[in-house]
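I opened this entry to record contacts, core packing and charge pairs. The notes follow the order in which I looked things up.

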Amino acid sequence: MIKLSPYISISDDEIELIPIRAQGAGGQNVNKVSSAIHLRFDIDNSSLPQLYKDRLLALKDRRINKEGIIVIKAQLHRTSEKNKTDALQRLEELVKSITLIAKTRRVTKPSRNSQRKMLDSKKKHGQNKQLRRNNYD
């Protein structure tokens, strides 16, 4: 079970974990043992609130296919248990990423003091250039 908040969680029966053979080099063991994990999570048929479902389906993420199924392939570790925990952790991070709402930026004006300081520094810079120009004419 993945606990997202005190009120929202994803039960284990909603997550499908399929052991598959890992890709890449690994010697004789890689051809015999299914240590990689394919995690599948159907967004539409889950117990998540509708707001979470809508936000997940609106994400532009390559792990979410057209049918609304999250597919995560974990093959980083040598054991299937570690790959299973890795896949579940990545699913949790993906779902938690949509719960955060970014603050909207309010347009602000520069203060009078900051405007005065900027103009003073520009005048000083211009005076330095003016002094340099007069010395070399």
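**Contacts and core**

I began with Leu 4, which touches Ser 9, Ile 10, Leu 48, Tyr 52, Glu 92, Val 95 and Lys 96, leaving aside residues up to four places away in sequence. I took contact to be heavy atoms within 4.5 Å. This is a predicted model, in which local features need pLDDT of at least 70 and side-chain atom pairs count only at pLDDT 80 or more, while totals for chains, interfaces and linings use all residues. Residues are numbered from 1 along each chain as its sequence is written, and side-chain values use heavy atoms, with hydrogens and water left out.

I then looked up the largest nonpolar core, which has 21 residues; Leu 4, Ile 10, Phe 41, Leu 48, Leu 56, Ile 70 and Leu 91 have the most contacts inside it. Strand 4 (36-42), helix 2 (50-58), strand 5 (69-74) and helix 3 each supply at least two residues of this core. Its largest share, four residues, comes from helix 3. A nonpolar core here is a set of buried Ala, Val, Leu, Ile, Met, Phe, Trp, Tyr and Cys residues joined through side-chain atoms within 4.5 Å. Buried means under 20% relative accessible area, exposed over 50%, and partly exposed in between (1.4 Å probe, protein chains only). Helices (H or I, at least four residues) and strands (E, at least two) are DSSP runs, numbered from the N terminus.

**Asn 83**

I stayed in helix 3 for Asn 83. Asn 83 is buried, at a relative accessible area of 0%. Its side chain reaches the backbone oxygen of Ser 35 at 2.7 Å. Beyond four places in sequence, Asn 83 touches Ser 35, Ala 36, Ile 37, Ala 74, Gln 75, Leu 76 and His 77.

**Salt bridges**

How many salt bridges are there? I noted a count of four, a salt bridge being a side-chain nitrogen of Lys or Arg within 4 Å of a carboxyl oxygen of Asp or Glu.

One of them joins Arg 63 and Asp 61 at 2.8 Å, N to O; Arg 63 is partly exposed at 24%.

Another pairs Arg 90 with Asp 86, with the closest N and O atoms 3.2 Å apart. Both lie in helix 3 (residues 80-97), four residues apart, about one turn of the helix. I noted Arg 90 as partly exposed at 26% and Asp 86 as buried at 13%.

Asp 120 and Arg 116 also meet in a salt bridge, at 3.5 Å, N to O. These two lie in helix 4 (residues 112-135), four residues apart, about one turn of the helix. Asp 120 is partly exposed at 37%, and Arg 116 is partly exposed at 47%.

How values were computed: Polar contact = N/O pair within 3.5 Å; in protein donor to acceptor, adjacent residues only side chain to side chain.
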